[in-house]
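Subject: Structure handover

Hello,

Here is the structure I promised to pass on. Please open it first, then read my notes below.

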Amino acid sequence: MDMAFDTILQTAVLAVEADPNDKYRYLCLCCKEPVYVAAAEQKVQVVHFRHHKGNNGKENCENYIPQPGQSIRAPKSQGNNVSFYYDDAKKLFYLSLCFDEDEIQEHKSKSEHLELRASYMGQPFYICPIDFTYFSPNIASHFPLKEYSDSYYVSFQNGEKRHKYKLFNTGNPAFFKVLGDVESNFIAKCIQSNCLYTDTLYFMVFPEDEVLIPFLKLVEVIKQFHFNTMGRSFAGVLLQFQRKNDDIEYYLNELGYRLETSETLCILWPPMVRIDDSLFSDANEVYISTSFRLRPKSNTNASEHEIKQLPEGVACIARTEDIRIHYKNAEAIIRSREQRTANQLLPIEQKSETHFKIPDSMSYWILHRCGTHMLCSGAEVVLLAGDKIVGYKQTYPLQRVMMPSEGPLEGQDLLKDIQQNYKVNIPYDADELMELELSQVAIEYLSKCKETGFINKKVKELIESGAI
Ligand SMILES: [Zn+2]
């Protein structure tokens with residue numbers, strides 16, 4: 001078949017335009033199983049998508065041709081947005097999984113559970129219902145890996161197909177791409193393809209004590225360290241490949257990888273907020289500088305008329321929906337902020353406190369007049385009027401703490417407040433208020449008025465209305 005669904009660009013693409021190095025990026029439009037680009041380097045056969053071995057289901061997918069004009073949506077319920085990450089601050093590997101709103105709704109209506117296993121036949125190490133409490137639409141949920149395994153299995157229901165995702169390869173290193181430019185406490189995303197790039201920061205990890213790799217002297221090693229997680233020791237190296245050369249390529253080929261010269265992508269305007277691997281912006285137009293030409297349905301989901309090519313490799317993309325660009329190692333997902341706020345479906349717990357001790361269950365931030373800063377767990381914070389403490393789980397606000405608001409003044413306090421701030425007195429006529437049923441506060445006040453012969457105009461109005 002010559003078309004498949006691209007899980008990165010979230011649209012259907014042609015095999016000739018697809019990346020032959022990424023074995024798990026594309027899904028069959030018919031049966032939704034993963035397919036890969038075949039015959040990319042052959043002259044005899046036309047480039048096409050093919051199912052992985054043993055995966056060509058009941059349907060005759062290879063002959064499936066989408067109808068012209070048929071809208072192509074993301075295949076559902078396959079958990080195709082599964083990735084592995086490494087969190088250096090916590091020395092933790094985790095699996096990340098993302099659903100859109102319809103997918104969560106569909107799983108919820110069938111009361112389905114997510115199950116994660118470290119072996120095909122093993123007991124799940126994680127089970128949770130798929131609903132809006134555990135998952136937020138289009139926001140990745142993270143599941144720490146508690147048991148070590150080469151591969152992990154994701155399923156949505158007992159007995160249903162368990163999807164395999166490979167993380168480690170015994171004896172060989174796994175490569176993770178470091179997100180952002182930080183060298184400590186970084187987050188790195190596992191590389192799914194067999195292609196590595198120059199000038200890119202990688203975290204190379206071995207599920208062993210020792211790093212037995214001869215090519216380390218050929219690359220720029222930023223740091224080397226050991227850590228323990230999942231009851232096992234790991235050796236990690238933070239490195240960059242500066243340039244392609246035969247020696248490095250030889251060693252990488254032995255490990256099953258190829259090295260390519262990197263491509264670059266730079267967002268010129270507007271400034272954006274990064275959360276995980278997505279950027280957020282309200283702008284309708286985004287200016288991007290790329291080392292490659294943007295090609296609709298090949299390296300971007302933007303269409304021809306949404307891209308305006310400007311000189312010097314700069315392009316302006318005018319698009320109201322998510323912009324996705326992916327070419328070799330250059331990638332960007334740009335999403336609108338409205339979409340993010342619309343996703344806030346989890347209830348936020350509201351608390352009224354004057355003192356608040358920061359729990360360690362979430363990350364807490366204080367928003368006050370002078371700005372915003374993060375709060376350490378265990379810290380005791382005194383809240384002032386207007387201060388707001390927000391507790392976030394991942395990127396999601398779940399708790400809001402504010403100073404208890406003072407109720408409206410009443411009785412003696414209200415009377416005092418008016419006398420201090422509204423000083424208009426008028427002659428007092430005792431007969432006028434005779435008919436009313438008076439409160440104790442009013443009776444006492446009026447007895448004083450009788451002596452002075454004057455009454456506060458505002459207090460009189462409030463006595464008449466029964467507010468005092
Ligand atoms: Zn198929």
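Phe5 stands opposite Ala12 in β2. Met3 stands opposite Leu14, also in β2. Both pairs can be found where strand β1 (residues 3-6) runs antiparallel to strand β2 (residues 11-14), joined by four bridges. Strands here are DSSP runs of E with at least two residues, helices are runs of H or I with at least four, and both are numbered from the N terminus. Two strands pair if DSSP finds at least two bridges between them.

β1 and β2 form a hairpin, with four residues between them. Gln10 sits in that turn and has a positive phi of about 60 degrees.

Residues are numbered from 1 along each chain as its sequence is written.

The protein chain averages a pLDDT (the predictor's confidence in each residue, from 0 to 100) of 83. 89% of the residues score at least 70. Which elements mark the lowest and highest mean pLDDT? Helix α3 (residues 337-342) has the lowest, at 53. Strand β25 (residues 314-318) has the highest, at 95. Where pLDDT is low, the predicted coordinates should not be read in detail.

**The chain as a whole**

The secondary structure comes to six helices and 36 strands. The protein chain has 468 residues, and buried ones make up 22% of them. A residue is buried if 20 or more other C-beta atoms lie within 10 Å of its own, exposed if 12 or fewer, and partly exposed in between; C-beta atoms are placed from the backbone.

Two residues are in contact if their C-beta atoms, placed from the backbone, lie within 7 Å. Of the contacts with a separation of 6 or more, 57% link residues 24 or more positions apart.

**Nonpolar cores**

A nonpolar core is a set of buried Ala, Val, Leu, Ile, Met, Phe, Trp, Tyr and Cys residues joined through C-beta atoms within 7 Å. The largest one has 39 residues. Phe176, Tyr202, Phe203 and Val205 touch the most other members. Strand β16 (residues 202-206) gives the most to this core, with five residues. Domain 2 (83-166) and domain 3 (174-260) each supply at least three residues. Those bounds come from an automatic or database domain assignment.

Take Tyr202. Leaving aside neighbours within four places in sequence, Tyr202 is in contact with Phe175, Phe176, Lys177, Val178, Leu196, Leu239 and Gln240. There is also a second, separate core of 18 residues, including Ile8, Leu9, Leu27 and Leu29.

Another open sheet of five strands has the order β28-β34-β33-β30-β31, with mixed pairing. The edge strands are β28 (349-352) and β31 (371-375), each pairing on one side only. Five bridges join β30 (residues 363-368) to β31, and these two run antiparallel. His368 has Gly371 in β31 as its bridge partner.

Most residues other than glycine have a negative phi, and most peptide bonds are trans. A few places here are worth a look.

- The peptide bond from Trp269 to Pro270 is cis, with omega near -5 degrees. Pro270 lies in the loop between β20 (265-269) and β21 (273-275).
- Met230 has a positive phi, near 55 degrees. Met230 is in the loop between β17 (220-229) and β18 (232-240). Met230 counts as partly exposed because it has 16 C-beta neighbours inside 10 Å.
- Lys297 has a positive phi, near 65 degrees. Lys297 is in the loop between β23 (285-290) and β24 (307-309). With 18 C-beta neighbours inside 10 Å, Lys297 also counts as partly exposed.

**One last residue**

Not counting residues up to four places away in sequence, Ile426 touches Phe454, Ile455 and Lys457.

Best wishes

Key. Predicted model: local features only at pLDDT ≥ 70, side-chain atom pairs only at ≥ 80, totals over all residues.
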